[in-house]
Amino acid sequence: MAPSLSLFQKQFAPFLLAIYLFADASNALLWHTPTNPSIPGALLWGTGRITTTTTRITTSPIANFRIRPLAEQQAKNWGNLDPLSGFDGNDNGDDDASKVSSFASQPTRTTTTRTPSINFNSNSSSNNNNNKKKNLRQFTRYLEVECWKRAELRSLEPVLQAVANACKEINRIVQRAQTDDIYGAAAAAATAGEVQQKLDVLCNAYLLRAFCGSSRVISSVASEEEDEPRCCSNVMNDPAFASGEYIAVFDPLDGSQNIDASLPVGTIFGIYRPPPGTAMKDNDAAFLQSGNSLVAAGYCLYSATTVLVLTMGSGVDGFTLDPDTGKFLHTHPDIRIPLSGSLYSFNEANFRDFDEPIQRFLNSLKEKSRTKTTTTDEKQPPPQQSKKTIARYVGALVADTHNVLINGGIYGYPATFQNRNGKLRLLYESNPMAMIMEQAGGAGSTGFGRIMDVQPKNIHQRVPTFLGSLENVFELDQFCQYYSSQDESQQTLYE
């Protein structure tokens, strides 16, 4: 005979049953089974997420319900299902999420369910270690140390810092050019009739402000985008900015025509120490000096990564822009170009317009990739093959030169029948790049001598330019001197 229930038990039986079902549902989502090695963790229902743990859990994080091991009878009721069999939370190719979903879809004796969010944290510590940042020195600290070592350059520290900040801004607008509708040509034409892009005008304004507005060290600036040099007092509309001891030249956006195709572009700059008495004059006299007067030069490459390369006359260093912190980090200390390299960067679409020495030099590079000897005699050693040459040409001086600087080889923009002096400008492009190459152990040549020895006759003068590894540039000079006519071999200055 079944025992009789009291009035109290009859009234509160539904309430007690609800508590029992709630506790039983909690037990289905909260357990720990140390005896079953196939279940490495537990479901933390109280925190609303699934995670793995190796510590025995005794209480619910949100309630004081006891967490009991999963009963064997419950496993039998679920078809002997091991709900987390093979579930490890690792990215090892198995579908952990599908296993959790399969487990969640099994029938339970609860009337209400709660779907927890999934958070696989089992490898959180290892992932943090893999994503840990390198301990790299910042560009600001590098400038402090280098300018402290060389007292004569201490006044340039705020200028170079301002240029780095301008490069960050240029990098930002280059990436946003399409969405902000600043692609395309500007209304006015640039120097020498070239098509001026909208970005050229905007980047030119950034660098004018950086060189003239950061301090009173720079007295005059010359830009590839402007016909004449400008005194900083005119740029800043303040006569106090005309008393600097240095002058600056720059190409604000080299290869700007590449932007429409999302190809790399760059910025080039150089800082000269002008002859005494010429820095404060608003004319060309202070700028008409050879590259030997450069005290600092650099470029910034805007590509897959944004890289700032700088020399102050004692080596070359590279800095990569960290997108998380927005700071340049010292990722390339003391860059040294290989003595020779297999890379060559020429616009071979103009091959038939090149002079004979350049054509012969390029043909010799291609011949080096072929097998030197062939033989059918089994006793003879196998044919030897020289290192294969590689052609790479992007169409932007900064991108092509940076590739040569890192991997070794030679970059060239020689004279053509239409442009007897080439297309690269001596002050804004060739001289700064030649200084960087020489400081890195390479060379810069016109084919008949050092680029930095050329005495300019006007601020927009152009010269044939060859930059790269020492042996590669020397080999090209030998071709130019041997195969050129006597008049051409004596040509060391270009109009």
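# Questions on a Predicted Structure

Q: Which residue in β7 is the bridge partner of V221?
A: The bridge partner of V221 in β7 is R230. The structure is a predicted model in which local features need pLDDT of at least 70 and side-chain atom pairs count only at pLDDT 80 or more, while totals for chains, interfaces and linings use all residues. Residues are numbered from 1 along each chain as its sequence is written, and side-chain values use heavy atoms, with hydrogens and water left out.

Q: What makes β7 and β13 edge strands?
A: The open sheet has eight strands in the order β7-β6-β8-β9-β10-β11-β12-β13, with mixed pairing. Strands β7 and β13 (327-332) each pair on one side only.

Q: Why is C231 called buried?
A: A residue is buried under 20% relative accessible area, exposed over 50%, and partly exposed in between (1.4 Å probe, protein chains only). The relative accessibility of C231 is 4%, so C231 counts as buried. This residue lies in strand β7 (residues 230-231), and its C-alpha atom is separated by 8.2 Å from that of F241, which is 10 residues away along the chain. For the protein as a whole, buried residues make up 47% of the 495 residues.

Q: How do you know that R216 lies over the face of F241?
A: A charge sits over a ring if NZ of Lys or CZ of Arg is within 6 Å of the ring centre and within 35 degrees of the ring normal. R216 is at 5.6 Å from the ring centre of F241 and lies over its face. A second case is K366, which lies over the face of F351 at 5.2 Å from the ring centre.

Q: Why is the pair of F361 and F479 called edge-to-face?
A: Rings of Phe, Tyr and Trp (its six-membered ring) pair if their centres lie within 6.5 Å; planes under 30 degrees apart count as stacked, over 60 as edge-to-face and the rest as tilted. A search of the whole structure finds 11 aromatic pairs. In the pair of F361 and F479, the centres are 5.7 Å apart and the planes stand at 75°, so the pair is edge-to-face. Because F361 lies in helix α9 (residues 356-367) and F479 in helix α12 (residues 470-483), the pair ties together parts that are 118 residues apart in sequence.

Q: What makes α10 largely enclosed by the rest of the structure?
A: Eight of its 11 residues are buried, so α10 is largely enclosed. Among the buried residues are L397, D400 and H402. Helix α10 (residues 397-407) lies across β14, β16 (409-413) and β18 (465-468), running at about 155° to β16. Just after α10, G408 takes a positive phi of about 85°.

Q: Why does T416 count as buried?
A: The relative accessibility of T416 is 6%, so this residue counts as buried. T416 is found in the loop between β16 and α11. Leaving aside residues up to four places away in sequence, T416 touches N350, D353 and F354.

Definitions and conventions: Helices (H or I, at least four residues) and strands (E, at least two) are DSSP runs, numbered from the N terminus. Two strands pair if DSSP finds at least two bridges between them. Contact means heavy atoms within 4.5 Å. Axes are lines fitted to C-alpha atoms, for helices over the stretch in contact, and angles run from 0 to 180 degrees between N-to-C directions.
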